[in-house]
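Biologist: I would like to go through this model and ask what stands behind the words used for it. Please give the cut-offs as we go.

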Amino acid sequence: MARVAVIGGWAPSLIKFRGPLLAAMVARGHDVIGMAADGDAVTRDRLAALGVGFAPIELQRAGLDPRADAKAIAGLVRSLRRLRPDVVLGYTIKPVIYGSVAARLAGVPRRAAMITGMGSALMGRATAKQRLVAATARTLYRIGLAQCQTVIFQNTDDRDELAPMIRRATHVAVVRGSGVDLAHYARRDLPAGPPVFVFLGRLLRDKGIHEFVAAARQVKARSPAARFRIAGWIDPNPESLGQSELDALIADGTIEYVGAPDDVRPVLAAAHALVLPSYREGTPRSVLEAMSMGRAVITTNAPGCRDTVVDGESGTLVPVRDAAALAAAMQALVDDPARLARLAAAGHARAVDLYDADRVAASVLDALGL
């Protein structure tokens, strides 16, 4: 039996994204501790129900503040020395970088990282500041990954891009995202009525929200009965929309904003298709949830996204940043309801075959040697 510390940037994500993995660790007899910021009583109780302990940390999810980040690393070192885990697994950019460094300094014998996506900081932009942030993030990633004996990726594009940062002796694995709980996101019949398209997730520019709105306006002009919804939340990430920007996007009535639901199942159940025009992902959770519930998927031919569906068979892929192509893909489902139903059914079958959360969790544990 090993004591395993799993470090995330946001406590609710330990349940939402890593719940099946944590449960699988406990089922194999390991002593598991979740570490993250913002751990409220509800999250602690839900972790306890899984048999998982919780240790709070101070970690800003977004931005680069040297003083705050140095303080976070020092706090992590103290916590890890107190907890004495055998294995540390960090996921998302800061827990990967700072968690790995802190684990090395604390003398944790086995250190691992799960790359759940490149993140906006690593993608780079046109401005000098954005390029500097990307360069800094890559340097920090190189330092963090150098501390790891195991690095787990969710797609081969991320693996290939970060390969030069990883030591040759490091064990590298690729898994199918976080998987999806097929029972929780059970298949539902498609609703009656005109097609409903939904964008689901954080309101980040990198998720393609502007392309979704532009495409929706094009389709609405031709097919007034079609409906378009956004379900998601404003995020501390600097690439997130602000409230005024969101208000401007929905001002003309094309888009219905349905808030940031704790449970996305009713939102998906009321829709016919999920639309995720993201610029890059690890493996998009919203796509897997939609497929599991039997909803058609339109996403981009981008790293992480393109792995989830087979274009024309179990979903539709469109070019990144191409609102016209996205509109054409949405219009095709409006014009051909049989095609929509066929893609939805095939997507569900693909989720069952490839993305069952229990099997994905088992593959992660095997990669970790647990």
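Modeller: The largest nonpolar core has 32 residues, and Met35, Leu80, Ile115 and Leu145 have the most contacts inside it. At least two residues each come from strand 1 (3-7), strand 2 (31-36), helix 4 (66-83), helix 5 (93-105), strand 5 (110-115), helix 7 (128-145) and strand 6 (150-153). Helix 4 gives the most, six residues. This is a predicted model: local features need pLDDT of at least 70, side-chain atom pairs count only at pLDDT 80 or more, and totals for chains, interfaces and linings use all residues. Residues are numbered from 1 along each chain as its sequence is written, and side-chain values use heavy atoms, with hydrogens and water left out.

Biologist: What makes a set of residues a nonpolar core?

Modeller: The set holds buried Ala, Val, Leu, Ile, Met, Phe, Trp, Tyr and Cys residues joined through side-chain atoms within 4.5 Å. Helices (H or I, at least four residues) and strands (E, at least two) are DSSP runs, numbered from the N terminus.

Biologist: Why is threonine 43 called buried?

Modeller: Buried means under 20% relative accessible area, exposed over 50%, partly exposed in between (1.4 Å probe, protein chains only). Threonine 43 has 6%, so the residue is buried. Threonine 43 belongs to helix 3 (residues 41-50). Contact means heavy atoms within 4.5 Å; leaving aside neighbours within four places in sequence, threonine 43 is in contact with Ala11 and Pro12.

Biologist: Which strands stand at the edges of the open sheet, and why?

Modeller: The open sheet has six strands in the order 10-9-8-11-12-13, with parallel pairing. Strand 10 (255-257) and strand 13 (316-318) are at the edges because each has a single partner strand, leaving one side of each without a neighbour in the sheet. Two strands pair if DSSP finds at least two bridges between them.

Biologist: How many bridges join strand 8 to strand 9?

Modeller: Five bridges join strand 8 (residues 196-200) to strand 9 (residues 227-231), and the two run parallel. Valine 198 stands opposite arginine 229 in strand 9.

Biologist: How do you know that the span of helix 13 agrees with what it should be?

Modeller: The expected span of a helix is 1.5 Å times one less than its number of residues. Helix 13 has 13 residues and should therefore span 18 Å; its end C-alpha atoms are 18 Å apart, which agrees. Among the buried residues of helix 13 are Leu326, Ala329 and Leu333.
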